[in-house]
Amino acid sequence: MAKIKLMTDSASDISFENEKKYDIKVMNFKLVMGDESYVSRVDFDNAKFYEMLNSYDGIPTHSQITSFEYLKEFEKYYKEGYTDIINVTINSNASATYSNSVMAAEMFYEEHPEAKDKINIYNIDSESYTAAYGYPLCRAASKISRGATAMEAVNYIKNYISKCVIYFAMYTLKYAKKSGRIPSAAAFVGEVMGLKPVMRICEGEIKTHEKIRGDKAIMPKLESIAAGEIIPQTPYCIIYGSDLNARDDMAQIMTKKLGYPPADFYQVGAVIASNAGPRVVGVMFRSRNR
């Protein structure tokens, strides 16, 4: 009988509730702020991290999850009798975490050749961040609980990712400028002129989709883009940070426009907030343009 283990990393931003509900193993990124080192989701929750970020003048750095960390988990689940491991990681263009997981699988089979016919390890590059792989992983978990096979779950996740897109906006360019996500000159001009970039995450790339003027234009623009591009009647998720009002307002706007509410909410954790800032809002959905 199949015994399937689901894994991901903390940049998937799945909630603690879903982590427990679906028995998902979350590999937590380590961060450094000044002289202090932390483990995300262990040493702080999101609210605490936002407080730390607001009082910190620099940009936190996070390290990749190593192949040895993955190897340890793969060996653990093999000993526990799992027949399949499905691991979905942060965008490989931004972190070596995915390649490390692939290397760990190779190391595992080299050290345990007898395991080749006993356990399958599927490592999947999300090509994205946050809800773009956190949500389909949770949905795959639900399917497995209803009898789906590991390969059916893998195919579902890969198919979802292939159609997925995120549009989001940052209320301040301070963090994107410091992290290098937006060139300093462009960020300076944007701040002076009150311009807000609407960012698009797709196929492993983060690009400025267009620029709008003022905070009040953010949500209407996100609504317009999502409504015009979403595959009709498919689920979508709201992505948000420290501003709970932005979360609720975005959900209300999208519900009114599409006629149905968000499937879930994803609050950005330390990895995403370090680069985009704590106050963000966005929409994740499957795009008819992909």
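Is the crossing of H3 and H4 right-handed or left-handed? The crossing of H3 and H4 is right-handed; a crossing gets this name if the near helix is turned clockwise from the far one by less than a right angle, and is left-handed if the turn is anticlockwise. The model shown in these views is predicted, with local features needing pLDDT of at least 70 and side-chain atom pairs counting only at pLDDT 80 or more, while totals for chains, interfaces and linings use all residues. Residues are numbered from 1 along each chain as its sequence is written, and side-chain values use heavy atoms, with hydrogens and water left out.

**View 1. The whole chain.** The chain has eleven helices and 13 strands. Helices (H or I, at least four residues) and strands (E, at least two) are DSSP runs, numbered from the N terminus. Along the principal axes, the C-alpha atoms of the chain fill a box of roughly 65 × 50 × 30 Å. The radius of gyration of the chain is 19 Å, which agrees with the value near 19 Å for a compact globule of 290 residues. This radius is taken over C-alpha atoms, and the globule rule is 2.2 Å times the number of residues to the power 0.38.

**View 2. The parallel sheet of four strands.** The open sheet has the strand order E2-E1-E6-E7, and its pairing is parallel. Two strands pair if DSSP finds at least two bridges between them. Strand E2 (25-27) and strand E7 (120-125) are the edge strands, each pairing on one side only. From one strand to the next, the twist averages 20°. Strand E1 (residues 4-9) and strand E6 (residues 84-89) run parallel and are joined by five bridges. In this pair, Leu6 stands opposite Ile86 in E6.

**View 3. Two helices on the sheet.** Helix H4 (residues 97-111) lies across E1, E6 and E7, and runs at about 165° to E7. Angles run from 0 to 180 degrees between N-to-C directions, and axes are lines fitted to C-alpha atoms, for helices over the stretch in contact. Helix H6 (residues 150-163) also packs on the sheet, touching E1, E6 and E7, and its direction makes about 5° with that of E7. Contact means heavy atoms within 4.5 Å.

**View 4. Helices H3 and H4.** The axes of helix H3 (residues 67-79) and H4 come within 8 Å and cross at roughly 50°. H3 is therefore oblique to H4. Angles under 35 degrees count as roughly parallel, over 145 as roughly antiparallel, 65 to 115 as roughly perpendicular and the rest as oblique. Residues of H3 in the contact include Phe68, Leu71 and Phe74, and those of H4 include Met103, Ala104 and Phe108. The contact of H3 with H4 has ten nonpolar, four polar and two charged residues. Ala, Val, Leu, Ile, Met, Phe, Trp, Tyr, Cys and Pro count as nonpolar, Asp, Glu, Lys and Arg as charged, and the others, Gly among them, as polar.

**View 5. Helices H5 and H6.** Helix H5 (residues 131-145) packs with H6 at an angle of about 155°, their axes being 9 Å apart. H5 is therefore roughly antiparallel to H6. The crossing of H5 and H6 is right-handed. Among the contact residues are Tyr135, Leu137 and Ile144 of H5 and Tyr156, Ile157 and Ile161 of H6. Eleven residues of this contact are nonpolar, none is polar and two are charged.
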